[in-house]
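Please consult the sequence and the model as you read.

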Amino acid sequence: MDKIDKQDTPAAARASDARPVLEGPDIARVLTRIAHEIVERAKGADDVVLLGIPTRGVFLAQRLAAKLEQITERKIPVGSLDITMYRDDLRMHPPRALARTEIPGDGIDGRLVVLVDDVLFSGRTIRAALDALNDIGRPRAVQLAVLVDRGHRELPIRADYVGKNLPTSLRETVKVQLAEEDGRDAPPGPGQPPRVPSARPGLQSTAPHRTALRPKSPGRGPERP
């Protein structure tokens with residue numbers, strides 16, 4: 001069952017103690033609302049291109065594209081934008097595997113590009129995405145859609161479309177799990193085996209997913225912004 005969970009307990013607490021914030025049907029309605037907001041602000045979404053930020057932003061972009069196609073009754077270009085080489089913390093962490101950048105055939109020049117990500121935190125991921133986008137083309141405008149905005153911005157960046165504003169403390173983490181990527185509907189608890197990612201699906205608007213908010217464990221590295 002899709003769900004957004006929140007937990008504000010000591011760091012030793014288990015993921016299974018997370019408290020529900022949104023259930024699956026609520027998340028589906030959130031994506032529908034964002035799709036309608038995009039159509040309204042873009043005056044029909046004729047030139048909209050959706051680019052998801054790997055990993056989970058890509059699947060959210062695909063679902064959002066499916067919602068937009070239901071509303072507009074036309075194909076919505078959707079792709080992915082890898083930001084790995086544009087991150088400002090490359091020297092602080094071990095080498096990262098590169099994800100794929102896939103730009104729709106008509107490109108992005110003169111188009112309204114909507115970046116899609118799961119969680120907006122410090123804003124550094126989006127800063128990297130803007131740098132990556134600049135090397136690809138010159139959109140007419142760039143907007144940002146996120147499933148969760150947890151605050152604590154470190155850069156002057158804000159989302160144009162927000163599914164859920166979720167107040168958090170810095171010691172908490174937000175973990176979004178999607179069935180397309182994680183192969184499960186809930187965060188793995190203590191002693192559970194590691195996930196085996198599923199193959200990348202096509203456009204889907206109803207695949208189950210869950211978002212969990214958990215405190216950082218003592219040995220955990222820094223959260224992706």
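**A helix and its sheet**

In helix α3, the residues T125, I126, A128, A129, A132 and L133 are buried (under 20% relative accessible area with a 1.4 Å probe, protein chains only; exposed is over 50% and partly exposed lies in between). This is a predicted model in which local features need pLDDT of at least 70, side-chain atom pairs count only at pLDDT 80 or more, and totals for chains, interfaces and linings use all residues. Residues are numbered from 1 along each chain as its sequence is written, and side-chain values use heavy atoms, leaving out hydrogens and water.

Q: Within what arc do the buried residues of α3 fall, seen down its axis?
A: The arc is taken from the directions from the helix axis to the C-beta atoms. The buried residues line one face of α3, because they fall within an arc of 155 degrees.

Q: Which strands are among those that cover the buried residues of α3?
A: Helix α3 (residues 124-134) lies across strands of the sheet, at about 155 degrees to β5. The cover of its buried residues includes β3, β5 and β6.

Q: Which strands stand at the edges of the sheet?
A: Five strands form an open sheet with parallel pairing, in the order β4-β3-β5-β6-β7; strands pair if DSSP finds at least two bridges between them. Each edge strand has a single partner, so one side is left without a neighbour in the sheet; these strands are β4 (78-80) and β7 (161-165).

Q: Which residue of β4 stands opposite G52?
A: Strand β3 (residues 48-52) pairs with β4 in the parallel sense over three bridges. Opposite G52 stands S80.

Note on methods:
Helix = DSSP H or I, 4+ residues; strand = E, 2+ residues; numbered from the N terminus. Contact = heavy atoms within 4.5 Å. Axes fitted to C-alpha atoms, helices over the stretch in contact; angles between N-to-C directions.
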